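Please look at the sequence and the model below before reading on. The paragraphs after it go through selected side chains and their partners.

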Amino acid sequence: PSLELNLSAMEGALNAYLAADDTQQPFDVSTVPKVAPAAKLHKPPGGLMAAAGGVTAAAAGSAAAGGAAAAGAAGGAGTGAAAGYSSQYEAIIKARPEFASLGPLFKSCAPVRLTEEDTEYAIHAVKHVFPEHLVLQFDCTNTIAEQRLENVSVMLDLADAPDFEAETVLPLASMPLNEVGQCFSVLRRPAGLSAGKMGCVLKFTVKEIDPSTGEAEEEGYEDEYQLEDVEVAGSDYSRPLLLGNFRGTWEQLEPGSEREDDYGLGPRENLQVSVAAELRRHTWLCL
């Protein structure tokens, strides 16, 4: 029987599942969006690309270029991954009552690794976009059996991201050994496509494990670990929109949604391949 799943979203969700380095749990196909039936697209006031929740629209060309760069940083998950990330992490976000007042989750971005391979700690960052907030989720894994890491959080340096304001930090009580736990930072942002680069430092309390008992010592000491920066770009505020009738939707756009610019297509086999590739990349819904 046909599952009526979006194949691009399926590919993206599978890439995200494999990139998370945690395949002990089976892949949940229910997180993949289904193909929506073709229907006349509802136009919000001001056109399809108008602002929503006080956030201005992104130019289609800039969004596509930024989206390609973000996908490359995520290990080539591609634009299809964007549709699957929000579904994949929605359960984690809904399980935390601290996020209930932030409004609807617009998008969860591809996870980005903040530590080198084969280091003591494996840390990935996931950006969750809300109408007036950005939530940074840090997936944390400890690989040192001789230590227990407690009260784990990530300290952010917002000097290069002045539009953001730190609001809440939700620490991880204990970083699990060879398992994944999460800590969060909640940032308030103004209207618009707020961007910037955030310095990250992992903060925690180290407690040594007694080899004779396997228990952690009562006393510990504070320590920190330098992480890679987290970068927020305009592409983080856009997501793919599944359209049943692209031409009809294009004709519904308001004149203010258009932008004319030069765009490098790169080497392509022929013009038809170039047009098809750009149509797929420019079908975006912007917050």
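Predicted model: local features only at pLDDT ≥ 70, side-chain atom pairs only at ≥ 80, totals over all residues.

Residues are numbered from 1 along each chain as its sequence is written, and side-chain values use heavy atoms, with hydrogens and water left out.

A pair of aromatic rings is described by the distance of the centres and the angle of the planes. Rings of Phe, Tyr and Trp (its six-membered ring) pair if their centres lie within 6.5 Å; planes under 30 degrees apart count as stacked, over 60 as edge-to-face and the rest as tilted. The whole structure contains 3 aromatic pairs. In one of them, the ring centres of Tyr121 and Tyr225 are 5.2 Å apart with planes at 85 degrees, so this pair is edge-to-face. Tyr121 sits in strand β3 (residues 121-129) and Tyr225 in strand β10 (residues 221-226), 104 residues apart. Strands here are DSSP runs (E, at least two residues), numbered from the N terminus. Ring pairs join Tyr121, Phe204 and Tyr225 into a cluster. Tyr121 is buried at 6% relative accessibility, where buried means under 20% relative accessible area, exposed over 50% and partly exposed in between (1.4 Å probe, protein chains only).

Ser153, in strand β5 (residues 147-160), is also buried, with a relative accessible area of 17%. Beyond its neighbours within four places in sequence, Ser153 is in contact (heavy atoms within 4.5 Å) with Val169, Pro171, Cys183, Val201, Leu202 and Lys203. Leu177 lies in the loop between β7 (172-175) and β8 (181-188) and is partly exposed at 39%. Not counting residues up to four places away in sequence, Leu177 touches Asn142, Thr143, Ile144 and Ala145.

Side chains of opposite charge can pair when their charged atoms come close. A salt bridge is a side-chain nitrogen of Lys or Arg within 4 Å of a carboxyl oxygen of Asp or Glu, and the structure holds 8 of them. One joins Asp236 and Lys127 at 3.0 Å, N to O. Asp236 is in the loop between β11 (230-232) and β12 (238-240) and Lys127 is in strand β3, so the bridge ties together parts 109 residues apart in sequence. Both Asp236 and Lys127 are buried.

Another salt bridge connects Arg188 and Glu167, at 3.0 Å from N to O. Arg188 is in strand β8 and Glu167 in strand β6 (residues 165-170), 21 residues apart. Arg188 is partly exposed at 33%, and Glu167 is partly exposed at 41%. Glu132, Glu167 and Arg188 form a network of salt bridges.

Note on methods: Helix = DSSP H or I, 4+ residues; strand = E, 2+ residues; numbered from the N terminus.
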